[in-house]
Amino acid sequence: MSDILRQHAEQQNAEELHELQKQDNNPRPENWQLSPAAVVTYLVGGTLDNGYTVSAKYIGNRRLMEIAVATLATDRALLLYGLPGTAKSWVSEHIAAAISGDSTLVVQGTAGTGEEALRYGWNYAELLAKGPSRAALVESPLMRAMRDGKIARIEELTRIGADVQDTLITILSEKSLPIPELTDEVQAVRGFSVIATANNRDKGVNDLSSALKRRFNTVILPLPATLEEEVDIVRRRVEDYGTTMQLPAEKPALAEIRRIVTIFRELREGTTADRKNKLKSPSGTLSTAEAISVVNNGMALSAYFGDGVLRAHDLIAGLLGAVVKDPVQDAIVWREYLETAVKPREGWKDLYRAARDMS
């Protein structure tokens, strides 16, 4: 087992990608490692003709993945849009790994991201010594992707200032990046495209200009449609985490995962699962990613401070941290939920007691 804490998707799933390449007889766009059909199989899972099983990276609507992959086979860029925790970055990484064999050409969007992060910068020692030259140029991930015909990724595009965002317009429409200091340009090689992610819930979000929106095809990734779908996502990710971290703990019981997911879904939707009681919703998003973190944290507690078996008192601290973001308003929501939904529910007395002990 590798001692790298988190391998890139193309490293972690190298065997699956290799098997898909061997079995893939469908037409491929230029510089793609796999055909669009094989990329979708890599994303949603399936069994190949030789019996090899490809694991699912995205559990949800297959058609959304087909639309996303088909977009990248055209001259449009792809915008993955949705609430925080809907696997936008996860999907972005795996698509880039399957298409380009390289998911590392990433720009992380922040309020401080400048034009040089999207275009290029300069090695100032080289610049002062020899003047403007290709040797003094520091290529951005987008420039490298254009040069090599690969997928570039931009995380949290709407966190970047609007004036910097619009740097992308020329790149996406003209498929070239001017370098006026050298009276030169970089022209994109076939296979180049951009996957950007964005959400509309965080503070400090900047709207995309209409000109930039036209350069993207937007695919909205929804929250998991059903309880079973969300439980399956959390189970798979938690099991992967336990293996990677080599935790001396048992795999979490499906019943515990189901309880956490049920709590998250009920608080998100503002009603109990049986629709009999209306609930207040907390200020946070309570995403699937946060549910995974709650269970992972509980596993660590049970492994190192318990007997290795995940129980209610191991889960409750992480659960409180996920639900109670505002110490006043969210605390009221949580207390009401405990009394309305948790206390009367059969088989949940241990969770209720653990929650009361933490109050």
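This is a predicted model: local features need pLDDT of at least 70, side-chain atom pairs count only at pLDDT 80 or more; totals for chains, interfaces and linings use all residues.

Student: How many helices and strands does the protein chain have, and what percentage of its residues is buried?

Tutor: The C-alpha atoms of the chain fill a box of roughly 70 × 50 × 40 Å along the principal axes. Within the chain there are 17 helices and 11 strands. Of the 359 residues, the buried share is 47%.

Student: Which residues of helix α4 are buried, and where around the helix do they lie?

Tutor: Helix α4 spans residues 62–72, and its buried residues are Leu64, Met65, Ala68, Val69, Thr71 and Leu72. Viewed down the axis of α4, these buried residues fall within an arc of 155°, so they line one face of the helix.

Student: What do the buried residues of α4 pack against, and which residue caps the N-terminal end of this helix?

Tutor: The packing partners include the helices α3 (36–44) and α5 (88–100). Strands β3 (77–81), β7 (151–155), β10 (193–198) and β11 (216–220) are also packed against the buried residues of α4. At the N-terminal end, a side-chain oxygen lies 2.8 Å from the backbone nitrogen of arginine 63, and the residue that provides this cap is asparagine 61.

Student: Why do the buried residues of α16 lie on the same side of the helix, and which helices do they pack against?

Tutor: Helix α16 has 14 residues, 329–342, and reaches 19 Å from its first C-alpha to its last, close to the expected 20 Å. Its buried residues are Asp330, Ala331, Val333, Trp334, Tyr337, Leu338, Ala341 and Val342. They lie on the same side of α16 because they cover an arc of only 155° around the axis. The helices they pack against are α13 (254–269), α15 (312–323) and α17 (349–358).

Student: At what angle do α14 and α15 cross, and what is the handedness of the crossing?

Tutor: Two packed helices are described by the angle and the distance between their axes. The residues of α14 that meet α15 include Glu290, Val294 and Leu301, and among their counterparts in α15 are Asp314, Leu315 and Ala322. The axes of α14 (residues 288–305) and α15 come within 7 Å and cross at roughly 145°. The handedness of this crossing is right-handed.

Student: Where is histidine 8, and how far is it in space from histidine 94?

Tutor: Histidine 8 is in the segment before α1 (9–12). Its relative accessibility is 33%, so histidine 8 counts as partly exposed. Leaving aside neighbours within four places in sequence, it is in contact with Glu93, Ser103 and Thr104. Histidine 8 and histidine 94 are 86 residues apart in sequence, and their C-alpha to C-alpha separation is 9.0 Å.

Student: What are the phi values of asparagine 31 and lysine 175?

Tutor: Most residues other than glycine have a negative phi. Asparagine 31, in the loop between α2 (14–23) and α3, is partly exposed with a relative accessible area of 36%. Lysine 175, in the loop between α10 (168–174) and β8 (176–179), is partly exposed at 25%. Although neither is a glycine, both have a positive phi: for asparagine 31 about 70°, and for lysine 175 about 55°.

Terms used
Residues are numbered from 1 along each chain as its sequence is written. Side-chain values use heavy atoms; hydrogens and water are left out. Helices (H or I, at least four residues) and strands (E, at least two) are DSSP runs, numbered from the N terminus. The expected span of a helix is 1.5 Å times one less than its number of residues. Buried means under 20% relative accessible area, exposed over 50%, partly exposed in between (1.4 Å probe, protein chains only). The arc is that of the directions from the helix axis to the C-beta atoms. Contact means heavy atoms within 4.5 Å. A polar contact is a pair of N or O atoms within 3.5 Å; within protein, one must be able to donate a hydrogen and the other to accept it, and residues adjacent in sequence count only if both atoms are side-chain atoms. Axes are lines fitted to C-alpha atoms, for helices over the stretch in contact, and angles run from 0 to 180 degrees between N-to-C directions. A crossing is left-handed if the near helix is turned anticlockwise from the far one by less than a right angle, and right-handed if clockwise.
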